[in-house]
Amino acid sequence: MSKLKKIPLMLLGAGGAFFVVTFTIYFFNLDMKLTSKLEPFFLKHYDTMPRKQYV
Amino acid sequence: MDIIKNPRKRDGEQQLGVLYDGGKVRRRREWRGFKDTFFDYTRWLYLVSVLGKFIMNPYNVKGFFRYRWMANYLGVMHGMDKFTIGLRDEALRITHYSFNYVIADVTQSIVNCFRGDRRIRNDEEFSKHCVLTDENAMTAQMMGFKAEEARAILREVPTMFAANIFNQNSVIHYIDVAQQYGIPGDVCPMPESEAGISIDDDFCVLGSCAVQVNTTCDGSMMGNGLIAKRLEREYGIPTFQLTAPLRHREEDVQKYAAEDMKKAIAFIEEHTGAKWDWDTYFQRAKNVNDCTRKRMAQLDINATPYPQFFGAAFSLYNDTNYMGNCGRDPYFVKLDKKLLKLAEKGYREKRMYAREYRHRCIVWGVQPQYIIDMLYWMLQCWGVVPLTDMLSMVNTRMIAEEDTPENREQAYYDMAWLNENMIMRNRTHGGYEVLVDELWEFCEQMNADMVMMWEHMSCKALDGMHGQFEEQARERGIHLVWVCHDLCDPRVYSRQAIRDQFNSYMRTVMREEPLDPTIEVLPDENAW
């Protein structure tokens with residue numbers, strides 16, 4: 001098969017892989033599960049920042 | 001009312017309790033059948049692209065590490081899922097399109113804040129054309145300024161208001177800071193947390209001047225005082241107080257309000273160097289009128305047995321469209337049209353979004369419904385349809401939109417009218433007619449047999465009316481369900497404590513059983 005003919009197949013394969021990966025992340029809520037694990041690190045970072053509190 | 005049964009079986013998940021496992025986020029996303037799950041997935045991809053683009057900008061990354069409130073945006077998708085629970089077909093699409101644009105709008109606000117912020121990008125040329133505008137304003141005073149000359153920056157929106165949609169704990173730190181400095185705990189947590197953000201030096205600092213308003217309430221004015229003091233004394237940003245009369249329906253206060261509006265505009269011209277442009281103003285006035293017509297058409301559909309655009313998304317969309325936008329963003333005109341078209345289609349096809357509709361409910365009072373998915377829960381758990389809410393019952397008057405000498409004078413009165421009738425404030429201020437009497441008129445117009453009264457325990461504006469509501473609802477045979485909460489402080493009233501009040505009413509007074517018993521009690525105390 002010529003290289004040119006393979007391009008649509010490769011695009012289809014890449015699109016299919018993109019769908020499988022992103023749909024798995026979406027459906028099992030993996031994006032939110034990951035960001036919820038990150039939150040405590042950010043909060044710790046903000047707690048250690050110097051603040052100029054003023055009323 | 002007669003129970004309306006849904007003749008169609010809902011595709012996908014039948015019992016929604018399976019999605020909750022007591023964690024910060026849901027166990028998984030809802031299966032809505034192939035067509036609607038795929039649609040939900042494509043909107044998720046769209047939001048990933050919006051957030052991905054945002055985080056590619058190094059200044060936004062810098063802002064992320066500087067500001068504590070940015071961490072709440074880790075939960076954007078969770079917030080979106082909250083407001084689509086159980087939805088299918090047109091209602092799912094309407095909720096996504098409206099709410100997704102609100103998210104995109106907030107994202108742009110953050111980008112603008114960081115661009116002008118003295119601590120982040122410090123683009124001075126951009127900053128000198130920015131006007132810090134109170135989030136509790138209708139922003140009508142900005143309608144005649146071109147964005148490149150004077151741009152409204154509502155910095156409290158991404159900092160406090162929107163952040164709280166995505167994370168119920170978003171302002172706890174700031175409330176604690178405010179209370180450490182002696183502000184009492186019985187103040188509304190919304191202005192209290194804004195005061196706390198200012199004390200904690202966690203607001204972006206930008207702009208050539210600021211405009212604050214006395215809408216909505218005494219708590220808001222308390223917070224504004226502290227914020228203005230820091231803006232003026234520490235950052236050298238002069239602040240104008242735009243004061244709307246309390247009795248906003250009285251004719252004799254309108255001249256004062258219009259004069260104050262003129263002064264606010266002159267103040268902005270003086271500090272930004274921008275020039276008021278009547279062509280721009282009247283074009284935006286047309287947009288505001290268009291938005292009002294479309295909202296009234298949506299309410300007409302909701303008055304039928306087949307409401308389509310409802311819940312927190314309806315309220316939040318109206319909130320953004322009138323206050324954050326107020327005619328300035330032409331995309332809202334297109335979006336209003338698209339949403340109405342979807343709603344009309346849903347109505348024609350008699351779409352229902354629960355197994356049965358048992359009660360038609362108006363949601364009234366000062367609401368926490370952005371923090372909790374209460375309105376969608378009421379529908380799915382008890383078959384109670386939230387037809388509309390107090391925030392969505394805003395301006396119905398058409399403002400002058402043709403450029404004539406008379407209308408140029410009328411325009412100040414129209415802008416003052418919009419400001420006086422700011423969302424929520426148009427009901428909580430102005431006497432019992434606008435808060436109590438008109439509620440019963442809306443019940444009649446919308447064919448409602450139930451009112452869910454949010455009782456915000458720290459809101460002084462509604463406290464005195466409790467007895468009148470009780471007495472008059474009883475006279476009219478309306479089921480009045482009081483649900484107490486403390487807005488954005490979940491330590492006082494947790495989500496389940498809020499739902500339990502509704503559950504108790506439905507079981508003990510109405511003697512009904514839930515449609516979906518798996519969500520009557522939800523383990524979401526620790527959820528974002």
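View 1. B:Leu132 stands opposite B:Ile153 in β3(B); the model shown here and in every view below is predicted. Another bridge partner in β3(B) is B:Ala152, which faces B:Val131. Strand β2, residues 130–133 of chain B, pairs with β3(B) in the parallel sense, and the pairing comprises three bridges. Strand β2(B) is also joined to β4(B) by three bridges, and these two strands run parallel. On that side, B:Leu132 has B:Ala210 of β4(B) as its bridge partner. In a regular strand, side chains alternate between the two faces of the sheet. Both faces of β2(B) are covered: B:Cys130 and B:Leu132 are buried on one side, and B:Val131 and B:Thr133 are buried on the other.

**View 2. The open sheet that contains β2(B).** Four strands of chain B form this open sheet in the order β3-β2-β4-β5, with parallel pairing. Its edge strands are β3 (151–153) and β5 (239–242) of chain B, each of which pairs on one side only. Neighbouring strands of this sheet are turned against each other by 30° on average, direction ignored.

**View 3. Helix α9 of chain B and its surroundings.** Helix α9(B) has 17 residues and spans 24 Å from its first C-alpha to its last, close to the 24 Å expected at 1.5 Å a residue. Which residues of α9(B) are buried? They are B:Gly219, B:Ser220, B:Gly223, B:Asn224, B:Leu226, B:Ile227, B:Ala228 and B:Leu231. An α-helix has 3.6 residues a turn, so residues three or four places apart point the same way. The buried residues of α9(B) pack against α8 (189–199), β4 (209–213) and β5 of chain B. Just after this helix α9(B), B:Gly236 takes a positive phi of about 65°.

**View 4. The contact between chain B and chain A.** Chain B contributes 23 residues to the contact, and chain A contributes 22 residues. On the side of chain B that touches chain A, the elements giving two or more residues are α1 (34–55), α3 (76–82) and α9 (218–234) of chain B. The residues on this side of chain B comprise 12 nonpolar, two polar and nine charged.

View 5. Four strands of chain B form an open sheet in the order β8-β7-β9-β10, with parallel pairing. The edge strands β8 (384–389) and β10 (479–485) of chain B each pair on one side only. From one strand to the next, the twist averages 30°. Strand β7 (residues 359–365) and strand β9 (residues 450–456) of chain B run parallel and are joined by five bridges. In β9(B), B:Met450 is the bridge partner of B:Cys361. Helix α14 (residues 374–382) of chain B packs on the sheet, where it touches β7 and β8 of chain B, and its direction makes about 155° with that of β8(B). Helix α17 (residues 432–445) of chain B also packs on the sheet, touching β7 and β9 of chain B; the direction of α17 makes about 155° with that of β7(B).

**View 6. The largest nonpolar core.** In soluble globular proteins, nonpolar side chains tend to be buried together. The largest nonpolar core has 161 residues, and those touching the most other members are B:Val131, B:Ile268, B:Cys361, B:Ile362, B:Met378 and B:Val451. Helix α4 (residues 89–116) of chain B gives the most to this core, with nine residues. Not counting residues up to four places away in sequence, B:Cys361 touches residues including B:Val384, B:Leu387, B:Ala448 and B:Val451.

Technical notes:
Residues are numbered from 1 along each chain as its sequence is written. Chains are lettered from A and ligands numbered from 1 in the order in which they are written. This is a predicted model: local features need pLDDT of at least 70, side-chain atom pairs count only at pLDDT 80 or more; totals for chains, interfaces and linings use all residues. Two residues are in contact if their C-beta atoms, placed from the backbone, lie within 7 Å. Ala, Val, Leu, Ile, Met, Phe, Trp, Tyr, Cys and Pro count as nonpolar, Asp, Glu, Lys and Arg as charged, and the others, Gly among them, as polar. Two strands pair if DSSP finds at least two bridges between them. Axes are lines fitted to C-alpha atoms, for helices over the stretch in contact, and angles run from 0 to 180 degrees between N-to-C directions. The expected span of a helix is 1.5 Å times one less than its number of residues. A residue is buried if 20 or more other C-beta atoms lie within 10 Å of its own, exposed if 12 or fewer, and partly exposed in between; C-beta atoms are placed from the backbone. A nonpolar core is a set of buried Ala, Val, Leu, Ile, Met, Phe, Trp, Tyr and Cys residues joined through C-beta atoms within 7 Å.
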